[in-house]
Amino acid sequence: MLDVRRLRLLCDLSRLGTIAAVAQAAAYTPSAVSQQLSALEREAGVALLERTGRRVTLTAAGHVLVQHAETVLAALERTSAALAAVTAGLSGPLRIGAFPTAVRTLLPEALVRLGRRHPGLELMVTELDPVAVPAALRERRLDVGLLHDYDVVPVEPDPVLDAVPLLDETVFLAVPAAGTVTALDQARGAAWILASPGTLCHTATEHVCRAAGFTPRARHQADDFATVLALVAAGQGVSLVPELAAAGTPAGVRLIPLPTRRRNRIAYRRGAAGHPAVSAFVSAIRAATGVAGLPAGPDRSRIAE
């Protein structure tokens with residue numbers, strides 16, 4: 001019989017590439033991970049790993065087992081969901097991961113709704129960059145999470161996760177209200193406020209600007225959109241801002257809508273869609289989106305049509 005915990009470690013190795021990375025993700029020591037994978041090889045009766053010095057790669061049998069293991073793990077998620085569905089009332093922890101703008105704008109109303117309808121749920125929110133949410137879901141540090149990508153920089157689906165759409169946002173070019181910029185192509189010579197390199201927002205901004213025929217000239221770097229908008233209001237540059245982040249735009253900022261969209265999704269482990277706690281969260285966050293009036297946009301008086 002193959003041990004499920006060891007199958008998870010093998011899947012982690014396939015995804016992360018090294019024993020050290022698996023150990024860090026699973027909160028084990030590298031030697032403990034190696035011992036567990038060796039035990040899995042004995043259970044399988046076939047070599048799953050090829051070891052060359054410190055490098056470890058999967059054999060053909062290892063790749064086959066990973067493919068089937070992902071199916072097994074999804075089936076276990078469905079089983080857990082089915083068992084939870086026959087218990088009376090929802091209780092226990094529900095670990096939620098979301099990016100900062102969603103935490104500020106969507107989650108509060110959703111948490112209130114969940115708390116009222118299911119007082120037995122222990123709601124636990126972690127603020128994460130969306131690029132970190134998939135790993136947290138796979139490693140079972142989260143039960144459900146909010147992700148986003150941009151239509152100009154689509155993210156490949158994760159085979160271990162399922163996701164359903166939540167809302168699409170307009171992306172705005174935020175410019176100082178006293179300035180003369182009225183379109184993206186007029187911002188080629190402007191100073192830009194960019195997110196940290198490696199983030200989706202940074203990559204999307206570079207892509208949008210390149211499509212307009214220029215590379216943005218970075219003056220400031222900021223990941224918090226409230227900070228970004230404050231810098232724009234102070235005349236320190238221009239930036240791209242998604243609709244959720246543009247709510248409550250300060251005076252001194254003009255928003256120019258672009259054709260680019262930021263696409264938000266609700267994600268969970270494959271097989272977990274039927275879990276009543278996950279289903280309740282999906283319903284609550286979708287209802288909260290409607291209550292918030294999204295995607296209707298921020299104060300229209302500051303938007304250049």
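According to its unreviewed UniProt entry, residues 2-59 carry the feature "domain: HTH lysR-type". The model described here is predicted. Its chain contains 11 helices and 10 strands, and the domain assignment divides it into domain 1 (4-84), domain 2 (93-165 + 263-290) and domain 3 (169-262).

**Overall layout**

- Along the principal axes, the C-alpha atoms of the chain fill a box of roughly 70 × 50 × 25 Å.
- The chain has 305 residues, of which 44% count as buried.
- Of the contacts between residues at least 6 apart in sequence, 75% join residues at least 24 apart.
- Domain 2 is assigned as two segments, 93-165 and 263-290, whereas domain 1 (4-84) and domain 3 (169-262) are each given as one range.
- The centres of domain 1 and domain 3, taken over C-alpha atoms, are separated by 43 Å.

**The annotated span, residues 2-59**

- The span that UniProt annotates as "domain: HTH lysR-type" is 62% helix and 14% strand, and its end C-alpha atoms lie 17 Å apart.
- Strands β1 (residues 49-52) and β2 (residues 55-58) pair in the antiparallel sense over 4 bridges.
- Within this pairing, Leu49 stands opposite Leu58 of β2.
- The hairpin of β1 and β2 has 2 residues between the strands, and Gly53 there adopts a positive phi near 65 degrees.

**The six-stranded sheet**

- An open sheet is formed by 6 strands in the order β4-β3-β5-β10-β6-β9, with mixed pairing.
- Its edge strands are β4 (121-127) and β9, each of which pairs on one side only.
- Neighbouring strands of the sheet are turned by 25 degrees against each other on average, direction ignored.
- β6 and β10 (residues 253-269) are joined in the antiparallel sense over 14 bridges; in β10, Arg254 is the bridge partner of Val175.
- Helix α6 (residues 107-117) packs on the sheet and touches β3 (92-98) and β4, its direction making about 165 degrees with that of β4.
- Helix α8 (residues 200-211) lies across β5 (144-150), β9 and β10, and runs at about 15 degrees to β5.
- β6 (residues 161-176) also runs antiparallel to β9, through 4 bridges; the bridge partner of Val171 in β9 is Pro242.

**The aromatic pair**

- A pair of aromatic rings is described by the distance of the centres and the angle of the planes.
- The structure holds 1 aromatic pair.
- This pair is formed by Trp192 and Phe214 and is tilted, with 6.2 Å centre to centre and 45 degrees between the planes.
- The pair links distant parts of the chain: Trp192 is in strand β7 (residues 191-194) and Phe214 is in the loop between α8 and β8 (217-221), 22 residues apart.
- Both Trp192 and Phe214 are buried.

- Leu137 belongs to helix α7 (residues 133-138).
- Leu137 counts as buried because its relative accessibility is 0%, below the limit of 20%.
- Apart from neighbours within four places in sequence, Leu137 is in contact with Leu142, Asp143, Val144, Gly145, Leu161, Ala267, Tyr268 and Arg269.
- Leu137 and Arg5 are 132 residues apart in sequence, and their C-alpha atoms are 16 Å apart in space.
- Arg140 lies in the loop between α7 and β5.
- Most residues other than glycine have a negative phi. Arg140, although not a glycine, has a positive phi of about 65 degrees.
- Arg140 is classed as partly exposed because its relative accessible area is 31%, which falls between the limits of 20% and 50%.

Terms used: Residues numbered from 1 in each chain as written. Predicted model: local features only at pLDDT ≥ 70, side-chain atom pairs only at ≥ 80, totals over all residues. Heavy atoms only, no water. Pairing = 2+ DSSP bridges. UniProt positions renumbered as here; feature names shortened; annotations may be inferred. Domains from an automatic or database assignment. Axes fitted to C-alpha atoms, helices over the stretch in contact; angles between N-to-C directions. Contact = heavy atoms within 4.5 Å. Phe/Tyr/Trp six-rings, centres within 6.5 Å; stacked < 30°, edge-to-face > 60°. Buried < 20%, exposed > 50% of the residue type's maximum accessible area, 1.4 Å probe, protein only.
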